[in-house]
Amino acid sequence: MLGAIIGDIVGSTREWHNIKTEDFELVPRGSRFTDDTVMTLAVAEWLMTDPEHQPETLVACMQRLGRKYPNAGYGKMFWKWLMSDHPQPYNSFGNGSAMRVSPVGLYANSLEEALELARITASVSHNHSEGIKGAQAIAGCVFLKRNASWGGEEGIRRFITEKIGYNLDFHLDDIRDAYGFDVTCQGSVPIAIKAYLDRSVCHAEKVLRLAISMGGDSDTIGAMTASIAGADRYCCGRGFHPDVVNQCRALLPSDLLDINDRFEAFVSRPLRTRDCIRDLLMAGAAGDALL
């Protein structure tokens, strides 16, 4: 999950000032976390605290954290949803469903569970079929990357083309100059996944540099790509230089950092221990000693 946060922060200064090169400072002055980070952490909190995975508790987590950080850069329609007393899905196919879903891929114990949980996380707001597909694509990629025995990068490619139905038969270098701002799932999720696949043998930072160099909705593309690149069975956020990790962690307030750290400890535990930790969290116990 830390990978998604790093991707969001690295892309934050480029969203409205796109760059078309892989040679840039990763965390320049002005970098910050955005709505991608806040909602990703809300999904993580939901997974840790609700064993039934009810949509209503997800909405509560999203609204609580979103309202605490109201200036994180939410889209107009999502902002209304976030502030509504009775939030309803609004048939969106924006990439907001895909930017927040990476915790699902780290949490799930099967690809089927990842896809179902992704459907739930999307459907509370982004219930258009493309919004759901985008969330399932990223969650599935994260799950497959974390569980490399499923076939590695080729397994991810087959999953995306055969199960999800995205076309990956294009070259990023060929479309970079013309690619512009696109907040739809269908217009940005394949770009993010392709950036990972094209640099999958490289260091995670090189993967992220390629993603950001495409321009467009840079923070969200960065979050989606880096969430895949940073997924690992034993270390979420693996592959990023410690200096970059520390710079990004320093930009998070203590409560958001706490959710990140608790979740990464949570998903690294065996299932029985996860259940014990969740019981403590639901009961209001600190549980920090276990984490």
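A search through the whole structure, which is a predicted model, turns up zero disulfides. Cys-61 has a relative accessible area of 11%, and Cys-185 comes in at 0%. Both count as buried, because the cut-off for that label is under 20%.

How far can the model be trusted? The mean pLDDT of the protein is 90, and 89% of its residues reach 70 or more. Residues 285–291 are another story: pLDDT stays under 50 there, and the model gives this stretch nine contacts beyond four places in sequence.

Back to Cys-185, which sits in helix 11 and is one of its buried residues. Helix 11 runs over residues 185–198, so 14 residues in total, and spans 19 Å from its first C-alpha to its last, close to the 20 Å expected at 1.5 Å a residue. Most of this helix is covered, with twelve of the 14 residues buried. Among them are Gly-187, Pro-190, Lys-194 and Tyr-196. The cover comes from several places, including helix 5 (96–99), helix 8 (129–146), helix 9 (152–164), helix 10 (172–175), helix 12 (204–213) and helix 13 (218–229).

Helix 8 also has a partner in helix 7 (residues 111–123): the two pack at an angle of about 140 degrees, and their axes lie 8 Å apart. The crossing is right-handed. On the helix 7 side, the contact is made by Leu-111, Ala-114, Leu-115, Ala-118, Arg-119, Ala-122 and Ser-123. Helix 8 answers with residues including Gly-131, Ala-135, Ala-139 and Phe-143. In an α-helix, residues three or four places apart point the same way, because there are 3.6 residues a turn.

Notes: Residues numbered from 1 in each chain as written. Predicted model: local features only at pLDDT ≥ 70, side-chain atom pairs only at ≥ 80, totals over all residues. Heavy atoms only, no water. Disulfide = S-S within 2.5 Å. Buried < 20%, exposed > 50% of the residue type's maximum accessible area, 1.4 Å probe, protein only. pLDDT = per-residue confidence, 0-100. Contact = heavy atoms within 4.5 Å. Helix = DSSP H or I, 4+ residues; strand = E, 2+ residues; numbered from the N terminus. Axes fitted to C-alpha atoms, helices over the stretch in contact; angles between N-to-C directions. Left-handed = near helix turned anticlockwise from the far one by under 90°.
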